[in-house]
Amino acid sequence: MTVALPDRKQAEELFEWIISERNKSPYPFRGDMEKTFRAHCLSVASIAETIAGKSNILDSNQAYVMGLLHDCGRIKDEYALQEYHGIVGFNLMNELGYAKQARICITHSFVNKQIDLDFMPHPRKDMLFCQDYLNKIEYDDYDRLIQLADNMNNLGENCTFEQRCLSLSERYHVPYEKFSDEINLLNNNKKYFDKLCGCNVYKLFGLKK
(Lines give C-alpha, C1' and ligand atoms only; values in the text may rest on other atoms or scores of the structure.)
Protein backbone atom coordinates (compact mmCIF):
# COMPACT_ATOMS: atom_id res chain seq x y z
CA MET A 1 0.00 0.00 0.00
CA THR A 2 1.35 3.43 -0.92
CA VAL A 3 1.34 6.23 1.62
CA ALA A 4 1.34 9.96 1.00
CA LEU A 5 4.44 10.65 3.10
CA PRO A 6 7.35 8.76 4.64
CA ASP A 7 7.37 8.71 8.42
CA ARG A 8 9.92 10.76 10.32
CA LYS A 9 12.59 8.02 10.51
CA GLN A 10 12.15 7.10 6.85
CA ALA A 11 12.39 10.78 5.89
CA GLU A 12 15.65 11.21 7.81
CA GLU A 13 17.10 8.10 6.16
CA LEU A 14 15.92 9.34 2.77
CA PHE A 15 17.51 12.73 3.41
CA GLU A 16 20.89 11.10 4.06
CA TRP A 17 20.49 8.91 0.96
CA ILE A 18 19.78 11.98 -1.19
CA ILE A 19 22.99 13.66 -0.01
CA SER A 20 24.97 10.44 -0.54
CA GLU A 21 23.61 9.99 -4.07
CA ARG A 22 24.39 13.60 -4.95
CA ASN A 23 27.96 13.21 -3.70
CA LYS A 24 28.44 10.02 -5.74
CA SER A 25 27.28 11.76 -8.91
CA PRO A 26 29.49 13.63 -11.41
CA TYR A 27 28.23 16.85 -9.79
CA PRO A 28 28.62 16.47 -6.01
CA PHE A 29 28.02 19.23 -3.48
CA ARG A 30 30.98 21.62 -3.67
CA GLY A 31 32.78 23.31 -0.80
CA ASP A 32 30.40 24.16 2.01
CA MET A 33 27.30 23.47 -0.11
CA GLU A 34 26.46 20.21 1.66
CA LYS A 35 26.72 21.91 5.06
CA THR A 36 24.48 24.75 3.86
CA PHE A 37 21.99 22.33 2.30
CA ARG A 38 21.77 20.32 5.51
CA ALA A 39 21.38 23.43 7.65
CA HIS A 40 18.66 24.88 5.44
CA CYS A 41 16.59 21.71 5.16
CA LEU A 42 16.86 20.91 8.87
CA SER A 43 15.92 24.48 9.75
CA VAL A 44 12.91 24.51 7.42
CA ALA A 45 11.81 21.20 8.98
CA SER A 46 12.16 22.66 12.48
CA ILE A 47 10.32 25.88 11.60
CA ALA A 48 7.46 23.97 9.99
CA GLU A 49 7.25 21.51 12.89
CA THR A 50 7.18 24.31 15.49
CA ILE A 51 4.48 26.34 13.73
CA ALA A 52 2.36 23.24 13.09
CA GLY A 53 2.62 22.22 16.73
CA LYS A 54 1.66 25.69 17.90
CA SER A 55 -1.37 25.74 15.59
CA ASN A 56 -3.06 22.75 17.28
CA ILE A 57 -4.67 21.75 13.96
CA LEU A 58 -1.69 20.79 11.78
CA ASP A 59 0.36 17.64 12.24
CA SER A 60 3.85 18.57 13.43
CA ASN A 61 5.49 15.32 12.28
CA GLN A 62 3.98 15.70 8.82
CA ALA A 63 5.20 19.29 8.70
CA TYR A 64 8.70 18.21 9.74
CA VAL A 65 8.90 15.57 7.00
CA MET A 66 7.64 17.95 4.33
CA GLY A 67 10.15 20.60 5.40
CA LEU A 68 13.07 18.18 5.56
CA LEU A 69 12.47 16.84 2.05
CA HIS A 70 11.19 19.96 0.28
CA ASP A 71 14.48 20.33 -1.59
CA CYS A 72 15.05 16.61 -2.24
CA GLY A 73 15.33 17.38 -5.96
CA ARG A 74 18.81 18.69 -5.24
CA ILE A 75 19.87 15.07 -5.49
CA LYS A 76 20.93 16.45 -8.89
CA ASP A 77 22.78 19.66 -9.78
CA GLU A 78 19.93 21.53 -11.46
CA TYR A 79 22.16 24.04 -13.22
CA ALA A 80 24.73 21.59 -14.56
CA LEU A 81 22.01 19.24 -15.80
CA GLN A 82 19.39 21.89 -16.66
CA GLU A 83 16.71 20.08 -14.63
CA TYR A 84 14.67 22.15 -12.21
CA HIS A 85 15.03 20.69 -8.72
CA GLY A 86 11.29 20.96 -8.03
CA ILE A 87 10.46 18.60 -10.88
CA VAL A 88 13.36 16.26 -10.04
CA GLY A 89 11.98 16.00 -6.49
CA PHE A 90 8.39 15.68 -7.75
CA ASN A 91 9.33 12.73 -9.96
CA LEU A 92 11.50 11.08 -7.29
CA MET A 93 8.84 11.26 -4.59
CA ASN A 94 6.12 10.02 -6.94
CA GLU A 95 8.32 7.06 -7.90
CA LEU A 96 8.63 6.25 -4.19
CA GLY A 97 4.86 6.57 -3.73
CA TYR A 98 4.96 9.75 -1.63
CA ALA A 99 2.39 11.89 -3.44
CA LYS A 100 2.05 14.59 -0.75
CA GLN A 101 5.80 15.11 -0.65
CA ALA A 102 5.94 15.21 -4.46
CA ARG A 103 3.44 18.06 -4.38
CA ILE A 104 5.52 20.04 -1.86
CA CYS A 105 8.58 19.70 -4.10
CA ILE A 106 6.83 21.95 -6.60
CA THR A 107 4.60 24.17 -4.47
CA HIS A 108 7.31 25.31 -2.02
CA SER A 109 8.95 27.46 -4.69
CA PHE A 110 5.86 29.25 -5.95
CA VAL A 111 4.28 31.51 -3.36
CA ASN A 112 2.78 33.26 -6.38
CA LYS A 113 1.03 30.62 -8.51
CA GLN A 114 1.38 32.79 -11.60
CA ILE A 115 4.94 32.11 -12.74
CA ASP A 116 6.89 34.90 -14.45
CA LEU A 117 8.59 32.79 -17.11
CA ASP A 118 11.11 35.53 -17.90
CA PHE A 119 12.06 35.84 -14.23
CA MET A 120 12.80 32.20 -13.39
CA PRO A 121 16.36 30.99 -14.13
CA HIS A 122 15.21 27.49 -15.07
CA PRO A 123 14.35 25.68 -18.31
CA ARG A 124 11.18 27.08 -19.84
CA LYS A 125 9.70 23.60 -20.36
CA ASP A 126 10.07 22.91 -16.63
CA MET A 127 8.37 26.17 -15.69
CA LEU A 128 5.53 25.44 -18.12
CA PHE A 129 5.09 22.02 -16.46
CA CYS A 130 4.97 23.69 -13.04
CA GLN A 131 2.50 26.32 -14.22
CA ASP A 132 0.20 23.64 -15.62
CA TYR A 133 0.46 21.68 -12.37
CA LEU A 134 -0.25 24.73 -10.20
CA ASN A 135 -3.27 25.65 -12.30
CA LYS A 136 -4.85 22.32 -11.36
CA ILE A 137 -4.51 22.58 -7.58
CA GLU A 138 -5.51 24.81 -4.69
CA TYR A 139 -2.91 25.50 -2.03
CA ASP A 140 -3.65 23.97 1.37
CA ASP A 141 -2.22 24.84 4.79
CA TYR A 142 0.78 22.54 4.33
CA ASP A 143 1.72 24.12 0.99
CA ARG A 144 1.57 27.56 2.62
CA LEU A 145 3.40 26.38 5.74
CA ILE A 146 6.41 25.03 3.82
CA GLN A 147 6.49 28.17 1.66
CA LEU A 148 6.57 30.19 4.87
CA ALA A 149 9.25 28.04 6.50
CA ASP A 150 11.41 27.96 3.35
CA ASN A 151 11.39 31.75 3.22
CA MET A 152 12.16 32.11 6.93
CA ASN A 153 15.56 30.50 6.46
CA ASN A 154 18.39 31.58 4.21
CA LEU A 155 21.42 29.33 3.75
CA GLY A 156 20.85 27.83 7.19
CA GLU A 157 20.17 31.10 9.05
CA ASN A 158 16.66 32.07 10.13
CA CYS A 159 15.55 35.38 8.62
CA THR A 160 12.65 37.61 7.63
CA PHE A 161 11.11 37.36 4.17
CA GLU A 162 12.77 40.61 3.19
CA GLN A 163 16.20 39.32 4.20
CA ARG A 164 15.63 36.07 2.32
CA CYS A 165 14.53 37.85 -0.87
CA LEU A 166 17.43 40.29 -0.67
CA SER A 167 19.82 37.34 -0.54
CA LEU A 168 18.09 35.70 -3.51
CA SER A 169 18.28 38.98 -5.39
CA GLU A 170 22.02 39.21 -4.82
CA ARG A 171 22.72 35.54 -5.56
CA TYR A 172 20.75 35.39 -8.80
CA HIS A 173 21.33 38.98 -9.95
CA VAL A 174 17.62 39.80 -10.00
CA PRO A 175 16.33 43.27 -9.00
CA TYR A 176 14.98 43.18 -5.45
CA GLU A 177 11.80 44.89 -6.67
CA LYS A 178 10.94 41.70 -8.56
CA PHE A 179 10.23 40.06 -5.19
CA SER A 180 7.65 42.60 -4.00
CA ASP A 181 4.59 40.50 -4.90
CA GLU A 182 6.12 37.42 -3.28
CA ILE A 183 6.91 39.34 -0.08
CA ASN A 184 3.33 40.66 0.07
CA LEU A 185 1.92 37.14 -0.37
CA LEU A 186 4.28 35.76 2.27
CA ASN A 187 3.26 38.49 4.72
CA ASN A 188 -0.40 37.61 4.10
CA ASN A 189 0.40 33.94 4.75
CA LYS A 190 2.23 34.93 7.92
CA LYS A 191 -0.83 36.82 9.18
CA TYR A 192 -2.86 33.66 8.66
CA PHE A 193 -0.40 31.54 10.67
CA ASP A 194 -0.03 34.27 13.31
CA LYS A 195 -3.78 33.99 13.87
CA LEU A 196 -3.70 30.19 13.78
CA CYS A 197 -0.91 30.08 16.36
CA GLY A 198 -2.13 32.97 18.48
CA CYS A 199 1.20 34.77 18.25
CA ASN A 200 3.67 36.44 15.91
CA VAL A 201 5.41 33.38 14.42
CA TYR A 202 8.59 35.40 13.85
CA LYS A 203 8.97 35.66 17.62
CA LEU A 204 9.00 31.88 17.93
CA PHE A 205 12.39 31.99 16.20
CA GLY A 206 13.82 35.19 17.63
CA LEU A 207 13.07 37.24 14.51
CA LYS A 208 12.06 40.87 14.83
CA LYS A 209 9.42 42.61 12.75
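This is a predicted model: local features need pLDDT of at least 70, side-chain atom pairs count only at pLDDT 80 or more; totals for chains, interfaces and linings use all residues.
Q: How many of the contacts between residues at least 6 apart in sequence join residues at least 24 apart?
A: The share is 67%. As for burial, 52% of the 209 residues are buried, that is, under 20% relative accessible area.

Q: What makes up the largest nonpolar core, and which residues have the most contacts inside it?
A: This core has 59 residues, and those with the most contacts inside it are Ile 51, Met 93, Phe 110, Cys 130, Leu 134, Leu 145 and Met 152. To be counted in a core, such residues must be buried and joined through side-chain atoms within 4.5 Å. At least two core residues come from each of H1 (8-24), H2 (33-55), H3 (60-68), H5 (85-95), H6 (99-107), H7 (124-135), H8 (141-150) and H10 (180-197). The largest share, 8 residues, is that of H2.

Q: Which residues is Leu 134 in contact with, leaving aside its neighbours within four places in sequence?
A: Leu 134 is in contact with Ile 106, Thr 107, Phe 110, Lys 113, Ile 115 and Tyr 139. Each of these has a heavy atom within 4.5 Å of Leu 134, and the pairs therefore count as contacts.

Q: Which residues belong to the other core, apart from the largest one?
A: The other core has 5 residues, among them Leu 168, Val 174, Phe 179 and Ile 183.

Q: Why is H8 called mostly covered?
A: Of the 10 residues of H8, 9 are buried. These are Asp 141, Tyr 142, Asp 143, Leu 145, Ile 146, Gln 147, Leu 148, Ala 149 and Asp 150. The buried residues of H8 are covered by elements including H2, H3, H6, strand S1 (153-154), H9 and H10.

Q: What is known of the largest pocket, by volume and by lining?
A: The volume of the largest pocket is about 1,200 Å³. Its lining has 40 residues, and the closest to the pocket centre are Arg 74, His 85, Arg 164, Leu 168 and Tyr 172. H2, H4 (78-81), H9 (161-172) and H10 each supply at least two lining residues. By class the lining has 17 nonpolar, 9 polar and 14 charged residues.

Q: Which residues line the second largest pocket?
A: The lining consists of Ile 75, Lys 76, Glu 83, Ile 87, Val 88, Asn 91, Leu 92, Glu 95, Lys 125 and Asp 126. The volume of this second largest pocket is about 160 Å³. H5 and H7 each supply at least two of its lining residues, and the largest share, 5 residues, comes from H5. The lining divides into 4 nonpolar, 1 polar and 5 charged residues.

Q: Why does Leu 117 count as partly exposed?
A: Leu 117 has 25% relative accessibility, so it counts as partly exposed. Leu 117 is in the loop between H6 and H7. Beyond its neighbours within four places in sequence, Leu 117 is in contact with Arg 124, Met 127 and Leu 128. The C-alpha atoms of Leu 117 and Met 127 are separated by 6.8 Å, and the two residues are 10 apart along the chain.

Q: Why does Asn 56 count as exposed?
A: The cut-off for exposed is over 50%. Asn 56 has 70% relative accessibility and therefore counts as exposed. Asn 56 lies in the loop between H2 and H3. Its phi is positive, about 70 degrees, although Asn 56 is not a glycine.

Q: Why is Leu 155 called partly exposed?
A: At 43% relative accessibility, Leu 155 falls between the 20% and 50% cut-offs, so it counts as partly exposed. Leu 155 is in the loop between S1 and strand S2 (157-158). The phi of Leu 155 is near 55 degrees, a positive value in a residue other than glycine.

Definitions and conventions: Residues are numbered from 1 along each chain as its sequence is written. Side-chain values use heavy atoms; hydrogens and water are left out. Buried means under 20% relative accessible area, exposed over 50%, partly exposed in between (1.4 Å probe, protein chains only). Helices (H or I, at least four residues) and strands (E, at least two) are DSSP runs, numbered from the N terminus. On a 1 Å grid over the protein atoms alone, a cavity is a set of points where a 1.4 Å probe fits but cannot get out, and a pocket is an open set with protein on both sides within 12 Å along at least five of seven lines; lining residues have an atom within 4 Å of a point. Grid points are joined across faces, edges and corners, and a volume is the space filled by probe spheres set on the points. Ala, Val, Leu, Ile, Met, Phe, Trp, Tyr, Cys and Pro count as nonpolar, Asp, Glu, Lys and Arg as charged, and the others, Gly among them, as polar.
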